[in-house]
Amino acid sequence: MPRRVRRRYLALRVVSQEPVSLRDFKSIFWNALLQLFGEYGASQVGFSLIDYNQQSCQAIVRCSHKALEMVRASIASITEINEKPMAIHVMRVSGTLKALSKKAQS
Amino acid sequence: MRMFIDLHLRPSIKDLNQVKKMVRKSSELGYRLVGLSLSPDFKREEFGLLQKICKDANTDLVTRADFFPRTRHELLNDLRRFRRKFEVISVVCASKMMARLAAKDRRVDLLSFSFTDLRRRFFDDAEAELASKALSSLEIDIASLLTSKGFSRIRLLSRLREEVATAKKFRVPVIISSGATNSLLMRGPHDYASLASLFDMTPSLALRALSETPLTMIEQNRKKLSPDYVAEGVRVVRRKNNCLDV
């Protein structure tokens, strides 16, 4: 019987001088991942964007639990967008969306 | 619970707003101790202000001096004059001779090397052996990894991987610090641990390099700098007025 895929949900906060659009957010993340780990590495991540709020500069992304370190490293390596400085901080990591929202509330 | 330490924040000390912003940010990111690079001839009032900023942000200040000696005389002179003034002494080794001298000297806490010119990173087996005997640590600033790109980042990662392996072989402690000049280059301890996996540091070793390793060093140095310290294993327990009559 195939094993259930284990995932990790990450709550992120984007810090930048200008608002970052959804499209830009996706593209900088994929660029960072490709730069650090290449196409082979990126294929193992199982990344998907669950939610992105441009006003509050917060996002929730999902990845495979095995690729958590890769995703964190890629996110930490992001330093600029359109040649303007920015940073993305991982606020919380959790195994389920429910637990992530609970942690965020606490 | 682990106490995380960022030993190398590099704001411009004259710009107190920037210092405040960075110290607050590091507290938000989960650091309980922050090391600020100070100029060796800093004033007492400056120190008071910095201490207040750190206290307001709920962090502890670690005073640190970075030396860039060019000659043997300069290094020894700096160490003689400033060792008892700072809690952490770091030497940025620009030449092989300086690297060997700094690694041999027990007064040096951190060995730091150029991140831009990789030919000037002299942390090889001989250097590691000396550092291991003198109990100094290798410092890795992650900011330089974040700011480099393309081929220079590839080369830096490969060099850091070699150095971490050498440090492991000779049991030289590795300390990871931010080296950030502004708040946008600062990251949380777990993010640094993930970035350290890029040069083959295991998550547990990386987290130790951000907590226990620098903490042990700071505690030892604070003990040595206290007025009660006499020598290794000897300290003043009571002073004249408090002594019992025998």
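## Stop 1: the end of helix 7, chain B

Select B:Arg171, which comes after helix 7 of chain B and has a positive phi, near 55 degrees. Helices here are DSSP runs of H or I with at least four residues, strands are runs of E with at least two, and both are numbered from the N terminus. Before going on, note that this is a predicted model: local features need pLDDT of at least 70, side-chain atom pairs count only at pLDDT 80 or more, and totals for chains, interfaces and linings use all residues. Residues are numbered from 1 along each chain as its sequence is written, while chains are lettered from A and ligands numbered from 1 in the order in which they are written.

B:Arg171 is not a glycine, yet its phi is positive. Most residues other than glycine have a negative phi. You'll find B:Arg171 in the loop between helix 7 and strand 7 of chain B. Is B:Arg171 buried or exposed? B:Arg171 is exposed, since 9 other C-beta atoms lie within 10 Å. The cut-offs: 20 or more other C-beta atoms within 10 Å of a residue's own makes it buried, 12 or fewer makes it exposed, and anything in between is partly exposed, with C-beta atoms placed from the backbone.

## Stop 2: helix 7 itself

Now select residues 150-169 of chain B. This is helix 7, with 20 residues and a reach of 29 Å from first C-alpha to last, close to the 28 Å expected at 1.5 Å a residue. (The expected span is 1.5 Å times one less than the number of residues.)

Color B:Leu160, B:Glu163, B:Val164 and B:Ala167, the buried residues of helix 7 of chain B. Look down the axis of helix 7 of chain B: its buried residues fall within an arc of 100 degrees, so they line one face of the helix. The arc is that of the directions from the helix axis to the C-beta atoms. What do the buried residues of helix 7 of chain B pack against? Their partners are helix 5, strand 6 (137-141) and strand 7 (174-177) of chain B. Contact is taken as C-beta atoms, placed from the backbone, within 7 Å.

Turn to the face pointing away from the buried side of helix 7 of chain B, and you'll see the exposed residues B:Phe151, B:Ile154, B:Arg155, B:Ser158 and B:Lys169.

## Stop 3: helices 4 and 5, chain B

Select residues 96-104 and 125-134 of chain B. Helix 4 and helix 5 of chain B pack at about 25 degrees, with their axes 7 Å apart. Axes are lines fitted to C-alpha atoms, for helices over the stretch in contact, and angles run from 0 to 180 degrees between N-to-C directions. Helix 4 and helix 5 of chain B are therefore roughly parallel; the classes are under 35 degrees for roughly parallel, over 145 for roughly antiparallel, 65 to 115 for roughly perpendicular, and oblique for the rest.

Show side chains for B:Ala99, B:Arg100, B:Ala103 and B:Lys104 on helix 4 of chain B, and for B:Glu127, B:Leu130, B:Ala131 and B:Ala134 on helix 5 of chain B: these make the contact. By class, this contact of helix 4 with helix 5 of chain B has 5 nonpolar, no polar and 3 charged residues. Nonpolar means Ala, Val, Leu, Ile, Met, Phe, Trp, Tyr, Cys and Pro; charged means Asp, Glu, Lys and Arg; the others, Gly among them, are polar.

## Stop 4: helix 1, chain B

Next, residues 16-29 of chain B. The 14 residues of helix 1 of chain B should span 20 Å at 1.5 Å a residue, and the end C-alpha atoms are 20 Å apart, which agrees. Pick out B:Val19, B:Met22, B:Val23, B:Lys25 and B:Ser26, which are buried in helix 1 of chain B. They cover an arc of only 160 degrees around the axis, which puts them on the same side of helix 1 of chain B. The buried residues of helix 1 of chain B pack against strand 1 (4-9), strand 2 (31-38) and helix 2 (44-56) of chain B. Just after helix 1 of chain B, B:Gly30 has a positive phi of about 110 degrees.

## Stop 5: across to chain A

Show both chains: 13 residues of chain A are in contact with 13 residues of chain B. On the chain A side that touches chain B, helix 2 (68-76) and strand 5 (84-94) of chain A are the elements giving two or more residues. Strand 5 of chain A gives the largest share of that side, 5 residues.

Finish at A:Asn82, in the loop between strand 4 (80-81) and strand 5 of chain A. A:Asn82 is not a glycine but has a positive phi of about 45 degrees, and A:Asn82 is exposed, with 10 other C-beta atoms within 10 Å.

Terms used. Contact = placed C-beta atoms within 7 Å.
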